[in-house]
Amino acid sequence: ISKLESTAEGVKITWGKVGGAERYRIYLKSGNSWKVIGNTTENSFVYTGAETGTTYTFTVRCFDAENKVGTSTYSNTGWSHKYNPVPRISALTSEAGGIKITWDPIKGVEKYRVYVKNASGGWTKLTDTTANEYVYTGAKLGETYTFTVRGITPDGKGYTTTYSNTGWSHKYYP
C-alpha cells in the first residue's frame, strides 16, 4: 500500500501494480484476523464503511483472474489510517442574495462549520449548520471570496473532520 487517504466516500487505499497479478483482494483487520472487503482489477479501492474518527488497518494481496489462487503474500501488520475526511465544496454560485456554498455530505457527520478567509489569511466562522449548503450574504459585487467547511460535533464544541486550508474561491457576480 502506497497511500491511504480520507475522501468523502471513505478511505481510499492505493498500491502499486504488481506484474503478473490479475486481481487484488483488499482486507480489513478485525481484531486479530483479516476480513475480505473487496476485490478489484484496479490498483485502488475505496472502503465505504469508514466512520469518521476511527482508525482502520488494511492489507492487499494479489490473486489470479478467478480470485482463487493467491499469487503473492501480504503484510500481516498492514497499514493504518484514521478516517478524517475533508468536506469538499462542490459548488460556489452567485445568487441575488449572496454566494451559495454547497459541499458533499460526509457519512457520519451531523453538523458543519462554514468559514470565509479573512484579510489576514485566517478563517472567520460564518455559521454552524446541519445542511450541506449555505448562502454567504456578505458578498460584495466583483470581490473574490474563499471558503472552507469542517465537520463539527453536534454541540459545536469539537471537530469531526479536518478542513482544506486552501479552500475554494469564487468571484461574486449575481
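Accessible areas come from the Shrake-Rupley method with a 1.4 Å probe.

**Figure 1. Overall view of the predicted protein chain and its surface.** The accessible surface of the protein chain comes to about 9200 Å². Carbon and sulfur atoms account for 46% of this surface. Of the 174 residues in the chain, 41% count as buried. Along the principal axes, the C-alpha atoms fill a box of roughly 65 × 35 × 25 Å. The radius of gyration of the protein chain is 20 Å, whereas a compact globule of 174 residues would have a value near 16 Å.

**Figure 2. Strand content and contacts of the protein chain.** The chain contains 14 strands and zero helices. Its pattern, read along the sequence, is accordingly written β-β-β-β-β-β-β-β-β-β-β-β-β-β. When contacts between residues at least 6 apart in sequence are considered, 60% of them join residues at least 24 apart.

**Figure 3. Charges of the protein chain.** The protein chain carries 21 positive and 14 negative charges. The mean position of the positive charges and that of the negative charges lie 5 Å apart.

**Figure 4. The largest nonpolar core.** This core comprises 34 residues, of which Ile13, Tyr47, Phe58, Ile101 and Phe147 touch the most other members. At least two core residues are supplied by each of several strands, among them E2 (11-14), E3 (23-30), E5 (44-47) and E6 (55-63). Strands E8 (89-95), E9 (98-103), E10 (111-117) and E13 (144-152) likewise each supply at least two residues of the core. The greatest contribution is that of E6, with four residues.

**Figure 5. Surroundings of Ile101.** Ile101 is one of the core residues that touch the most other members. Phe147 is itself named among the core residues touching the most other members.

**Figure 6. Surroundings of Thr7.** Thr7 is located in the loop between strand E1 (3-6) and strand E2. Residues up to four places away in sequence not being counted, Thr7 touches Lys12, Val46, Tyr83 and Pro85. Asn67 lies 60 residues from Thr7 in sequence, and the two C-alpha atoms are 27 Å apart in space.

Conventions. Residues are numbered from 1 along each chain as its sequence is written. This is a predicted model: local features need pLDDT of at least 70, side-chain atom pairs count only at pLDDT 80 or more; totals for chains, interfaces and linings use all residues. Side-chain values use heavy atoms; hydrogens and water are left out. The radius of gyration is taken over C-alpha atoms; the globule rule is 2.2 Å times the number of residues to the power 0.38. Buried means under 20% relative accessible area, exposed over 50%, partly exposed in between (1.4 Å probe, protein chains only). Contact means heavy atoms within 4.5 Å. Lys and Arg count as positive and Asp and Glu as negative; His and the chain ends are not counted. The place of a charge is taken as NZ of Lys, CZ of Arg, CG of Asp or CD of Glu. A nonpolar core is a set of buried Ala, Val, Leu, Ile, Met, Phe, Trp, Tyr and Cys residues joined through side-chain atoms within 4.5 Å.
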